[in-house]
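Subject: Structure for your review

Dear colleague,

Please find the structure below, followed by an account of what was found in it. I would be grateful if you could read the two side by side.

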Amino acid sequence: MIKFRVKSLGILAGALACCVVAATAFATHSWGGYHWARTTAQFTLKLGDNMSADWKPYLSQTSSDWNSPASSSTPLLTAIVAGQSNKRCSMVAGTTQVCNGKYGNNGWLGLASINITGGEHITQGSAKMNDTYFSTAKYNNPNEKQHVVCQEVAHTFGLDHQSTDGSSLNTCMDYFSNTGTNATSTASIHPNAHDFDELNTIYAHLDTTTTVAALAATTAAHSEVTEDPLTWGSLVRQSPEGRSSVYQQFHHDGSMTLTHVYWTEEAAAACPRCDHRVYR
Amino acid sequence: MVQEQRLRQPFFDVDARLLMVDGEGVQVFEYGNATIAAKQAARVSSDGSQVGTSKPLWVEPPHFYRKGRLLVLYLGEDAKIRERLACLLGPAFAER
């Protein structure tokens, strides 16, 4: 593995300036028309990382997936920042807090919640993964975990399910279960093109105000990027064959660190589209 | 039917009692009166995938029932249990 880093201030501005292609809407899986209010065509939503070490790679992959549409642009970028929540995963204004914990035998694997103002504008969100189930043999596998994190986080963007009949549309926004005989299946663990179509539809307009927290507005402690892959942040770019990856970690002073990784052939071949920190 | 334990759902404002029916858990939420229970029931989408502004990813298909001040949630596909609940509480008002 060859690795080098570029640390810079202000790269974010360039990322935010990416153009947005006009929406071509075929999909219709908006969650009730709910959306974050914002005044720019493209915006970045902070994902507060309150997850234990074993879950962090799945959040990184999720952030990377939603930042990387295969064939269109996206109006919504995500940035993983230090979690600001608590054991109950209380929401923090302008952000989505992402948590895992043993929430009990209440029947849900994952739970996404949003707060709304003015009938349609999301002001804050939370996404919880229930370790009461994920600690059991049935659910404790990488594909199911990836599916659920990808879906719960995206509900807080304003996305609903594409289907609920249990079949795979190869999107994490379906009810396919990566368990049992499907435990090794990587179907439905990433978003698909229709999800990005829907995001472009939902966010085709601009609002006159914003409910999204500014990236530099956090006061939590600075996160160091180290040799530990879990500190590299989100996967933001990867070559088609999966050999070269770029990770992005935002810091609380507004700066960010890019970590470039060149993977072994074996790691890349195992799953070219996957975050190799998870699938190795 | 044997009373087992209590549990909390973040999207309902009373704790549930988890009752075991033929070996499967049924969550029973008891509200102060029927009006409050009806208001809570109105927050559940017709397919049970949404409660207010929360979206639970259920481990089994949800079936919601209401009678008087009781709101009942069964997660599963056992036809006999659903029949018994419908007989006691009326047809499910939300289910997948």
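What area is buried between chain A and chain B, and what percentage of it do carbon and sulfur atoms give? In this predicted model, the two chains bury about 1700 Å² between them, and carbon and sulfur atoms account for 55% of that area. Of the area that chain A buries against chain B, 26% is supplied by Trp31(A), Asn106(A) and Tyr175(A), more than by any other three residues. The contact involves 25 residues of chain A and 18 residues of chain B.

Polar interactions across the interface

Between chain A and chain B, 11 residue pairs are in polar contact, counting pairs with both residues at pLDDT 80 or more. The rule finds 1 salt bridge across this interface. Asp160(A) and Lys55(B) form a salt bridge, with their closest N and O atoms 3.0 Å apart.

Elements and composition on the side of chain A

The largest share, 8 residues, comes from β6(A). By residue class, the side of chain A that touches chain B consists of 12 nonpolar, 9 polar and 4 charged residues.

Strand pairing between the chains

The strand β6(A) is also joined to a strand of the other chain: 5 bridges link β6(A) to β4 (residues 54-58) of chain B, and the two strands run antiparallel. Within β4(B), Lys55(B) stands opposite Ala112(A).

Backbone angles to note

Which residues other than glycine have a positive phi? One of them is Asn170(A), with a phi of about 55°. Asn170(A) is placed in the loop between α4 and α5 (193-202) of chain A. Its relative accessibility is 46%, so Asn170(A) counts as partly exposed.

In chain B, Asp22(B) has a positive phi near 50° and is likewise not a glycine. Asp22(B) belongs to the loop between β2 (16-21) and β3 (24-30) of chain B. Is Asp22(B) buried or exposed? Asp22(B) counts as exposed because its relative accessibility is 52%, the cut-off for exposed being over 50%.

With kind regards

Definitions and conventions: Residues are numbered from 1 along each chain as its sequence is written. Chains are lettered from A and ligands numbered from 1 in the order in which they are written. This is a predicted model: local features need pLDDT of at least 70, side-chain atom pairs count only at pLDDT 80 or more; totals for chains, interfaces and linings use all residues. Side-chain values use heavy atoms; hydrogens and water are left out. Contact means heavy atoms within 4.5 Å. Buried area is the accessible area (1.4 Å probe) that two parts lose on being put together, summed over both. A salt bridge is a side-chain nitrogen of Lys or Arg within 4 Å of a carboxyl oxygen of Asp or Glu. A polar contact is a pair of N or O atoms within 3.5 Å; within protein, one must be able to donate a hydrogen and the other to accept it, and residues adjacent in sequence count only if both atoms are side-chain atoms. Helices (H or I, at least four residues) and strands (E, at least two) are DSSP runs, numbered from the N terminus. Ala, Val, Leu, Ile, Met, Phe, Trp, Tyr, Cys and Pro count as nonpolar, Asp, Glu, Lys and Arg as charged, and the others, Gly among them, as polar. Two strands pair if DSSP finds at least two bridges between them. Buried means under 20% relative accessible area, exposed over 50%, partly exposed in between (1.4 Å probe, protein chains only).
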